[in-house]
Amino acid sequence: PWKEFRALLEHSLKKGDDKPAPPADYIVSSSEYTGTLSQDGAEFTLEIKVNILKEKGWKRIPVLPAAVALKSSKIPEKVHLNVNGGNYELLTDKTGEVAASLTFAVAVKKSGGMNSLMFQRPVAGSSVLKLSVEGGEADVKVAGAQALNVTDKDGKTTVAAALPTGLAAQ
């Protein structure tokens, strides 16, 4: 009968329009930590770009550990900053690319004439670290760096490092 055929036809046409769910809610397309290390402490700015794939509903995107002191943030409209489960996170119901800038301070430990710092990077993907250290000719090590470039100029040591997924910045 025509009614049953029409119902089957409409049902088959609907199924063809359904998109498969994305394999992840979001992808971190880039994250760059730029900072300074001095005798008084360390301050960084995280520039992060996230491609949000999930179309419907709210998304939680962890960006920094809550153990750091957030000083300021620049986030787009309809994106909110929240603390949840030990992380600062971006909350949004948007889709597409989102860029945010977060400035934060990290405690510096002094021991045996060395200054060190460490914080977990909750975002996935590789990251770039750019660090300026007061005082020339400082011996700087970045744990787990896959590429490290150290230069001394005008009484400052500048470091650029590529960090792989899953490592703390140290």
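Guide: Two strands pair if DSSP finds at least two bridges between them, and strands are DSSP runs (E, at least two residues) numbered from the N terminus. This is a predicted model, where local features need pLDDT of at least 70, side-chain atom pairs count only at pLDDT 80 or more, and totals for chains, interfaces and linings use all residues. Residues are numbered from 1 along each chain as its sequence is written, and side-chain values use heavy atoms, leaving out hydrogens and water.

Let's look at the open sheet of 7 strands, which run in the order 4-7-2-1-10-12-11 with mixed pairing. At its edges stand strand 4 (69-74) and strand 11 (147-153); each has a single partner strand, so one side of each lacks a neighbour in the sheet. On average, neighbouring strands here are turned by 15° against each other, direction ignored (axes are lines fitted to C-alpha atoms).

Strand 11 joins strand 12 through 7 bridges in the antiparallel sense. There, Asn 149 has Ala 160 of strand 12 as its bridge partner.

Strand 2 brings the largest share, 6 residues. Of the core's 33 residues, Tyr 33, Phe 44, Val 63 and Phe 104 touch the most other members.

Technical notes
Core = buried A, V, L, I, M, F, W, Y, C linked by side-chain atoms within 4.5 Å. Buried < 20%, exposed > 50% of the residue type's maximum accessible area, 1.4 Å probe, protein only. Helix = DSSP H or I, 4+ residues; strand = E, 2+ residues; numbered from the N terminus. Axes fitted to C-alpha atoms, helices over the stretch in contact; angles between N-to-C directions.
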